[in-house]
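Please have the structure open while I talk.

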Amino acid sequence: MLDAIASVADVFVGIFQAGADFFVALTVGILPLVIVLLTAVNALIKFIGMERVNRVAELAGREGFQYAPLRFLVLPVLAVFFLTNPACYTMGTFLPERNKPAFYDAAVSFVHPPLGLLPHVNPGELFVWAGIAVGIEQLGLNVNRLAVAYLFTGLVVIFFRGLVTQFIYDRLAARADTPTVDAAATA
């Protein structure tokens, strides 16, 4: 009887010990990495100059389809590569308000596709790619070919997602600015 109670107590404490170990791993591993990364990016922005960063963002935020690739391909790819997930979303702060939702959609859609080639971009989700890679290897297929295809497919997807989200945002914003006719006033 005492052995059974002791076993239950060991399991109970073991659950909390596993949680504490995980917390320590995050505190020692990811938290310092994110802080150092954010510090490095802020230093890089200071070195490059906020004016230059703002000019690139202004260029990306200009009206016209010709700036869409810069806004929905170049900026998200650079943000994900250099800032990684989740810091990459902060790059949208340099864009005009009307472009932020579409940039976010493009960036959040790109944190998985480069994992096969650039595992640093989203280490929290690396297990997903690792599971897929094991299955592909067991089938005797080339994992690197899949990684490249996934990356290029991701580029196409983020561009179209950015365009679609921008289209939806613009329509909703136009609708919000259009005065509606009050049914009670016309009756």
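Let me begin with H4 and H6, which are roughly antiparallel to each other, because an angle over 145 degrees is counted that way, whereas angles under 35 count as roughly parallel, 65 to 115 as roughly perpendicular, and the rest as oblique. The axes of H4, residues 100-109, and H6, residues 143-177, come within 8 Å and cross at roughly 155°; the axes here are lines fitted to C-alpha atoms, for helices over the stretch in contact, and the angles run from 0 to 180 degrees between N-to-C directions. On the H4 side the contact is made by Pro-101, Ala-102, Asp-105, Ala-106 and Ser-109, and on the H6 side by Ile-158, Arg-161, Gly-162, Thr-165, Gln-166 and Tyr-169, where contact means heavy atoms within 4.5 Å. By class, the residues of this contact of H4 with H6 divide into 5 nonpolar, 4 polar and 2 charged, with Ala, Val, Leu, Ile, Met, Phe, Trp, Tyr, Cys and Pro counted as nonpolar, Asp, Glu, Lys and Arg as charged, and the others, Gly among them, as polar. The crossing of H4 and H6 is right-handed, a term that applies if the near helix is turned clockwise from the far one by less than a right angle, with anticlockwise giving left-handed.

A word on what we are looking at. This is a predicted model, in which local features need pLDDT of at least 70 and side-chain atom pairs count only at pLDDT 80 or more, while totals for chains, interfaces and linings use all residues. Residues are numbered from 1 along each chain as its sequence is written, and side-chain values use heavy atoms, with hydrogens and water left out.

For the chain as a whole, the secondary structure comes to 7 helices and 0 strands, these being DSSP runs numbered from the N terminus, with H or I of at least four residues for helices and E of at least two for strands. Of the 187 residues, 26% count as buried, which means under 20% relative accessible area, with exposed set at over 50% and partly exposed in between, using a 1.4 Å probe and protein chains only. Among contacts between residues at least 6 apart in sequence, 62% join residues at least 24 apart.

Coming back to H4, its other partner in this talk is H3, residues 68-83, and the axes of H3 and H4 come within 9 Å and cross at roughly 55°. That angle makes H3 oblique to H4, and the crossing of the two is again right-handed. Arg-71, Phe-72, Leu-75, Pro-76, Ala-79 and Val-80 of H3 make this contact with Ala-102, Phe-103, Ala-106 and Ala-107 of H4, and by class the contact of H3 with H4 has 9 nonpolar, no polar and 1 charged residues.

Which residues of H4 are buried? They are Ala-102, Phe-103, Asp-105, Ala-106, Ala-107 and Ser-109, and what covers the buried residues of H4 includes H3 and H6.

Please look next at Asn-99, which sits in the loop between H3 and H4. Asn-99 is buried, with a relative accessible area of 0%, and, leaving aside residues up to four places away in sequence, Asn-99 touches Gly-61, Arg-71 and Gln-166.

The axes of H5 and H6 come within 9 Å and cross at roughly 135°, so the two helices are oblique to each other, and H5 passes H6 in a right-handed crossing. Here Trp-129, Ile-132, Ala-133, Ile-136 and Glu-137 in H5 meet Val-143, Leu-146, Ala-147 and Tyr-150 in H6, and the residues of this contact divide into 8 nonpolar, no polar and 1 charged.

Not counting residues up to four places away in sequence, Ile-136 touches Leu-141, Asn-142, Val-143 and Leu-146, and the C-alpha atoms of Ile-136 and Leu-146, 10 residues apart along the chain, are separated by 8.5 Å.

Is Leu-117 buried or partly exposed? With a relative accessible area of 37%, Leu-117 is partly exposed, and, with residues up to four places away in sequence not counted, Leu-117 touches Ala-147, Val-148 and Leu-151.
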